[in-house]
Structures are given as C-alpha cells and as structure tokens.
Amino acid sequence: MENKLPPGQFETENWPILHQGDVYQFDEETWRFKLFGEVEEEKVLTYQEIMNLPKTVSTVDMHCVTTWSKFATSFEGIRVRDLVDLVMLKEDVKYVMVYGYYNGDPFGYSANMPLEELLGDDALFVYRWKDHKNEWQDITPKHGYPLRLIPPASFYLWKGSKWATGIKFMKEDVPGFWEELGYSMSANPYKEERYR
Ligand SMILES: Nc1nc2c(c(=O)[nH]1)N[C@H]1C(S)=C(S)[C@@H](COP(=O)(O)O)O[C@H]1N2
Ligand SMILES: [Mo]
C-alpha cells in the first residue's frame with residue numbers, strides 16, 4: 001500500500017485545507033476531550049491532561065476524497081490506543097465515532113471507524129507536523145489546532161476530525177457527518193470506497 005497512489009487520486013506537495021463551517025478558536029479554559037459511549041465510566045480530559053499523555057511521531061500518507069493525496073507527512077501526537085487505554089470498554093465495542101467542532105458545536109462534526117483499525121502506530125491525534133519542505137511546527141487553526149485526528153492511510157481524510165473533542169465507543173457502526181450524506185462507511189482509498 002505504501003507510496004502508491006490510490007485509484008482516481010493525484011499527488012500534491014502542498015497540504016490543502018478543506019472543511020465545513022467556522023475555524024474553531026482554541027480556548028484552553030473551556031476545551032475538553034471526552035471518552036464516552038459504551039464505557040464503564042466516561043472520562044473528560046483537560047488540555048493539560050491530554051498533553052501529559054505519551055507523545056509519538058508517525059509518518060502518514062493523506063488521501064482526500066476530493067482526489068488529492070499528500071505522501072509522507074510526519075505528525076507528532078497521541079496514539080488513539082493510548083486514549084482508549086484510559087477507559088474500560090464494555091463488551092463487544094467494535095466501532096468509534098470521533099467528534100470535532102462544527103460551527104461552535106463541539107460534537108457537530110463526526111466520523112465513524114472500526115476501533116481495531118485505529119489501534120496501530122499510524123492513528124494519532126496530532127498537534128505538530130513537518131514534511132520535506134517544512135520544519136516542525138504546530139498545526140494551524142485551519143488544520144485543526146489544538147488537536148485533530150490523522151487517520152491511517154487506509155481511510156480517506158474526512159475520517160480525520162479537526163478540532164477533535166472526543167471519542168464515542170459503539171457496538172454498532174453508525175454513520176457520521178459525511179457518511180449520513182452518502183459517503184462510504186469504510187472509506188478505503190485503495191478500494192476507492194468514496195460513496196455508499
Ligand atoms: N471538524 C471538522 N473536521 C474535518 C472536516 C470538517 O468539516 N470539520 N472536514 C474533513 C474533511 S472532508 C477533510 S478532507 C479533512 C481535511 O483536512 P485538512 O484541511 O487539514 O487537509 O478534514 C476533515 N475533518
Ligand atoms: Mo474531504
């Protein structure tokens with residue numbers, strides 16, 4: 001899968017900006033990250049609590065359903081699995097919904113994915129990036145500061161909620177923001193799963 005352009009995609013060197021609605025302006029006082037749904041006990045984390053978790057770096061290819069692909073961007077962030085470890089999941093949890101801000105609503109944007117596909121080293125909530133043309137720097141507000149999901153390259157990039165606010169754990173697969181509007185539940189670029 002690595003270094004291969006998925007069908008119908010073209011390569012870009014730049015990192016385009018795409019989203020619906022307003023750019024969220026970070027306010028540490030009110031910002032929270034919530035782990036909820038099918039868990040024994042919900043957990044709400046402050047920005048400091050999130051930033052005290054173990055950090056890691058991962059290099060990921062991004063594939064946007066609007067047909068651009070950007071290879072080998074490095075990101076610093078927190079592994080999804082390190083967040084999952086903070087809660088006790090109920091039996092048979094198989095899916096997650098990852099939320100983000102949409103026009104001031106902290107849970108207005110959402111994307112569903114199978115939990116298992118987010119437990120690897122390439123699924124991070126990120127806040128810093130670099131590529132071969134750019135030095136390490138914070139992601140800009142438009143790219144999702146202070147925290148956004150970068151999904152593994154086996155998902156189109158709409159699964160990567162910007163201005164991330166939480167993970168809901170689920171037993172069933174439920175459509176998120178774009179999936180409700182007809183986009184694919186599984187969204188694998190290599191299989192060109194754009195719509196459903
Ligand atoms: N909160 C939020 N996250 C979002 C979106 C959005 O509208 N709101 N758009 C998604 C889509 S469709 C894409 S392609 C990527 C784009 O990320 P980028 O602008 O950093 O390239 O963000 C995703 N995350
Ligand atoms: Mo997109």
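The following conversation concerns a predicted model and the ligand it holds.

Q: What is the volume of the largest pocket?
A: In this predicted model, the largest pocket has a volume of about 400 Å³.

Q: Which residues are closest to its centre?
A: The pocket is lined by 21 residues, and those closest to its centre are L18, H19, Y109, W158 and W178.

Q: How does the lining divide into nonpolar, polar and charged residues?
A: The lining of the largest pocket has 14 nonpolar residues, 5 polar ones and 2 charged ones.

Q: And what takes the space of that pocket?
A: Ligand 1 does; the space it takes is the largest pocket.

Q: How many residues surround ligand 1, and which are the closest?
A: There are 19 residues around ligand 1, and P16, Q20, H143, R148 and K162 are the closest of them. By kind, the shell around ligand 1 divides into 12 nonpolar, 5 polar and 2 charged residues.

Q: Which atom of ligand 1 does the side chain of W15 approach?
A: A polar side-chain atom of W15 lies 3.0 Å from an oxygen atom of ligand 1.

Q: What about the backbone of P16 and that of G160?
A: For P16, a backbone N or O atom lies 2.8 Å from an oxygen atom of ligand 1. For G160, a backbone N or O atom lies 2.9 Å from a nitrogen atom of the ligand.

Q: How much of the accessible area of ligand 1 does the protein cover?
A: On its own, ligand 1 has 530 Å² of accessible area, and the protein covers 97% of it.

Q: Changing topic, which residues does the cis peptide bond at P146 join?
A: The cis bond joins Y145 and P146, with omega at about 15°. Most peptide bonds are trans.

Q: Where does P146 lie in the chain?
A: P146 is in the loop between strand 9, residues 134-138, and strand 10, residues 148-150.

Q: One last topic: what is the phi of A72?
A: Phi of A72 is near 55°, which is a positive value in a residue other than glycine. Most residues other than glycine have a negative phi.

Q: In which strand does A72 lie?
A: A72 belongs to strand 5, which covers residues 68-79.

Note on methods: Residues numbered from 1 in each chain as written. Chains lettered and ligands numbered in written order. Predicted model: local features only at pLDDT ≥ 70, side-chain atom pairs only at ≥ 80, totals over all residues. Heavy atoms only, no water. 1 Å grid on protein atoms, 1.4 Å probe; cavity = no way out; pocket = protein on both sides within 12 Å on 5 of 7 lines; lining within 4 Å. Points joined across faces, edges and corners; volume = space filled by probe spheres on them. Nonpolar A, V, L, I, M, F, W, Y, C, P; charged D, E, K, R; others polar. Near = heavy atom within 4 Å. Polar contact = N/O pair within 3.5 Å; in protein donor to acceptor, adjacent residues only side chain to side chain. Areas by Shrake-Rupley, 256 points an atom, 1.4 Å probe, with all protein chains shown as cover. Sits in = over half its atoms within 2 Å of the grid points. Helix = DSSP H or I, 4+ residues; strand = E, 2+ residues; numbered from the N terminus.
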